[in-house]
Each structure stands twice: as structure tokens, then as C-alpha cells.
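Work through these exercises with the sequence and the structure side by side. Try each task before you read its solution.

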Amino acid sequence: MEIFSVRSSQSLLFKNNPNNAKSSKTSDIQIETRAPAPASFQIEDDVGEGPDFTAVSPGELRNYARQGFDSGLIDQNTYAAISEPLPMHAIDPLGNIIDLSSVTDGTSFNFLDYYKNQLQIAMSIGDPNEVQTLKSIVSFLNA
């Protein structure tokens, strides 16, 4: 003797009955479509004209560095080095002390010359990790 479940047979009949096809629970489900989220940043397409890193504020430099990092132009070490705040004082290649305490986020500063000078100093000292990072920064700023 075989025993069949009444409940399963009724559900099969319910699904196969064409009169009940309109009352399907999934027909009422609607998927909402939303507009794509706006991009948080945008890299400009003007390849010939880049930013002037001889007169840019530290905040603007960090924004350019973030765009370069997100697009793969610079690595994480280079991005971290660019994002660090400037020291209060630095040394130029001639050994003179440069006062950088007046440079704020809204102040324009010549970062290209600053990093070129720091690269020259690092090459004379011989720290290979610092040299590699500064070379990457200078190449990013010259691009």
C-alpha cells in the first residue's frame, strides 16, 4: 500500500491549474531601478594640460594624488608620501633650512621643486627606499 501526501498533490494541482496562474505571488513583485550613483571623483580627459604643481595647495595635491592612486598611476607608498603633511622645516640641496610653517591647506606651494630637492638630498644620503618613493613622486608631478 502506498501513501501519498494530500498536501503535496494539492500544491501540484494548484501550480498546474491555468486559472491560478494569475494569482501567483511573484507576479506582484516589482524591482525598482535607480539612477547610477554619481562618481565621487573624475579624472579630467585633458592629457596635454595637467595641473601646475609649481603653484598648488597641499589639499589640491592630495586630491590629485588620490585620483592618481585610484586610477593606478601611483602606488600606495607614493600616495602615502604625498598625503603626508609638510614638515615645519626642510633642508634644500645646499644645506639651507627652509621654513615651511606658513604653508597651509589653502596656500599655494611649489611641490615640484620641493620634491626634486628632497630627491636630490635622498640620493646623496643613499636611502634607497626614500629615493624610490621620491622618484615616483617626481615622475607623477612631471607627468
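**Exercise 1.** Decide whether Thr107 is buried, partly exposed or exposed.

*Solution.* Start with the cut-offs: buried means under 20% relative accessible area, exposed means over 50%, and partly exposed lies in between (1.4 Å probe, protein chains only). Thr107 has 25% relative accessibility, so Thr107 counts as partly exposed. Thr107 sits in the loop between strand E2 (97-99) and H4. Helices (H or I, at least four residues) and strands (E, at least two) are DSSP runs, numbered from the N terminus. Then list the partners; contact means heavy atoms within 4.5 Å. Leaving aside neighbours within four places in sequence, Thr107 is in contact with Val56, Ser57, Pro58 and Ser102. Last, take a distance: the C-alpha atoms of Thr107 and Glu60 are separated by 10.0 Å, and the two residues are 47 residues apart along the chain.

The model is predicted: local features need pLDDT of at least 70, side-chain atom pairs count only at pLDDT 80 or more, and totals for chains, interfaces and linings use all residues. Residues are numbered from 1 along each chain as its sequence is written, and side-chain values use heavy atoms, with hydrogens and water left out.

**Exercise 2.** Find which residues touch the most other members of the largest nonpolar core.

*Solution.* Define the core: it is a set of buried Ala, Val, Leu, Ile, Met, Phe, Trp, Tyr and Cys residues joined through side-chain atoms within 4.5 Å. The largest one has 24 residues, and Leu61, Phe111, Tyr115 and Leu141 touch the most other members. Helix H2 (58-71), helix H3 (76-83), helix H4 (111-125) and helix H5 (128-142) each supply at least two residues of this core. Check one member. Beyond its neighbours within four places in sequence, Phe111 is in contact with residues including Phe53, Leu61, Leu86 and Leu141.

**Exercise 3.** Describe the lining of the second largest pocket.

*Solution.* A pocket is found on a 1 Å grid over the protein atoms alone: it is an open set of points where a 1.4 Å probe fits, with protein on both sides within 12 Å along at least five of seven lines, and lining residues have an atom within 4 Å of a point. Count the lining: 14 residues, of which Tyr114, Tyr115, Gln118, Glu130 and Leu134 lie nearest the pocket's centre. H4 gives the most, with 6 residues.

**Exercise 4.** State how many helices and strands the protein chain has, and their order.

*Solution.* There are 5 helices and 2 strands. From the N terminus on, they run α-α-α-β-β-α-α. Buried residues make up 24% of the 143 residues in the chain.
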